[in-house]
Amino acid sequence: MILPTPIQKLIDAFSRLPGIGPKTASRLTFYLLNASEEVAGELSEALRELKANTVDCPICYNVTNAGRTECEICGSSERDPAIVCVVEEPLDVLAMERTGGFQGRYHVLRGALSPIEGIGPDDLTIRQLVGRVKAGGIRELILATNPSMEGDATAMYIQQQLSAVDVKMTRLARGLPIGGDLEYADQTTLLRALMGRQEMG
Ligand SMILES: [Zn+2]
């Protein structure tokens, strides 16, 4: 059966999303085809606004509402600017915030080093992080990249880049699932890993 072009187009678009196979893509597409105008309309508006109404915080590179000059955390006087938690993705910030155990600020790398995928230091916000630390005022960097090969390599690279700078660098304690993602860790495990963070040797 050859599907009408608009249907095939949406199936293809869904299929490109992480974690969505062709079957789920077809199911979502036909669900929307049969759903009310309102459901489909809300989805298309949300998609349009997703890019248009968000910007990267120029300090920590977390995503924030368009029109802001800095994100809520960077702009908050309640958050300790001397402790910066370095994570791979904006969702990791959310995971750390859910623990309720971190009162410092963040730096979002926007990925991890991966020679296999061709992701080098310039594809991440490492240079910006180094600049931020060199500007002074940061006492501790918690290198909370994922406990994976890429995450470990990224933490080590950052440590090398800052070896001449007087800043304490810690890594989250183990107990996090190896090869796992921070965003999927449960709150208790992540909080324990944060509390048990160790200085990098
Ligand atoms: Zn920020």
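## A buried loop residue

At 10% relative accessibility, N62 counts as buried, since buried residues are those under 20% relative accessible area. In this predicted model, N62 is found in the loop that runs between strands β1 and β2. Leaving aside its neighbours within four places in sequence, N62 is in contact with V55, D56, C57, P90, V93, V108 and R110. A further separation can be given for this residue: N62 and D122 are 60 residues apart in sequence, and their C-alpha atoms are 17 Å apart in space.

## Two residues with positive phi

Most residues other than glycine have a negative phi. Y61, however, has a phi near 65°, a positive value in a residue that is not glycine. Y61 is placed in the loop between β1 (54–56) and β2 (63–65), and with a relative accessible area of 18% it is buried.

R110, which is one of the residues in contact with N62, also has a positive phi, of about 70°, although it is not a glycine. R110 lies in the loop between β4 and α5 (126–134), where, at 30% relative accessibility, it counts as partly exposed.

## The zinc site

Which residues coordinate the zinc ion? The ion is held by the SG atoms of C57, C60, C71 and C74, at 2.3 Å. The four donor atoms subtend angles of 105 to 116° around the zinc ion, and the arrangement is therefore tetrahedral.

Along the sequence, the donor residues follow the spacing C-x2-C-x10-C-x2-C.

## The five-stranded sheet

Five strands form an open sheet with mixed pairing, in the order β4-β3-β5-β6-β7. Because β4 and β7 stand at the edges, each with a single partner strand, one side of each is left without a neighbour in the sheet.

Inside the sheet, β3 and β5 run parallel and are joined by four bridges, with V84 having L141 of β5 as its bridge partner. Strand β5 (residues 140–143) also pairs with β6 (residues 168–171), again in the parallel sense and over four bridges, and here the bridge partner of L141 is M169 in β6. Between these two strands comes helix α6 (residues 149–161), and β5, α6 and β6 together make a right-handed β-α-β unit. The pairing of β6 with β7 (residues 198–199) is, by contrast, antiparallel and has two bridges; in this pairing T170 stands opposite E199 of β7.

In soluble globular proteins, nonpolar side chains tend to be buried together. The largest nonpolar core of this model has 22 residues, and those with the most contacts inside it are C85, V87, I142 and L172. At least two residues of this core are supplied by each of β3 (80–87), α4 (90–99), β4 (104–108) and α7 (187–195). Apart from this core lies another, of 18 residues, which include V130, V133, L141 and L162.

What does V87 touch, not counting residues up to four places away in sequence? The residues in contact with V87 are D92, V93, M96, H107, V108, L109, A144 and L182.

Key:
Residues numbered from 1 in each chain as written. Predicted model: local features only at pLDDT ≥ 70, side-chain atom pairs only at ≥ 80, totals over all residues. Heavy atoms only, no water. Pairing = 2+ DSSP bridges. Right-handed = clockwise from strand over helix to strand, strands pointing away. Donors = N, O, S within 2.8 Å, 3.2 Å for Na, K, Ca; no water. Tetrahedral: all angles 85-135°; square planar, octahedral: opposite > 155°, others 65-115°. Core = buried A, V, L, I, M, F, W, Y, C linked by side-chain atoms within 4.5 Å. Buried < 20%, exposed > 50% of the residue type's maximum accessible area, 1.4 Å probe, protein only. Contact = heavy atoms within 4.5 Å.
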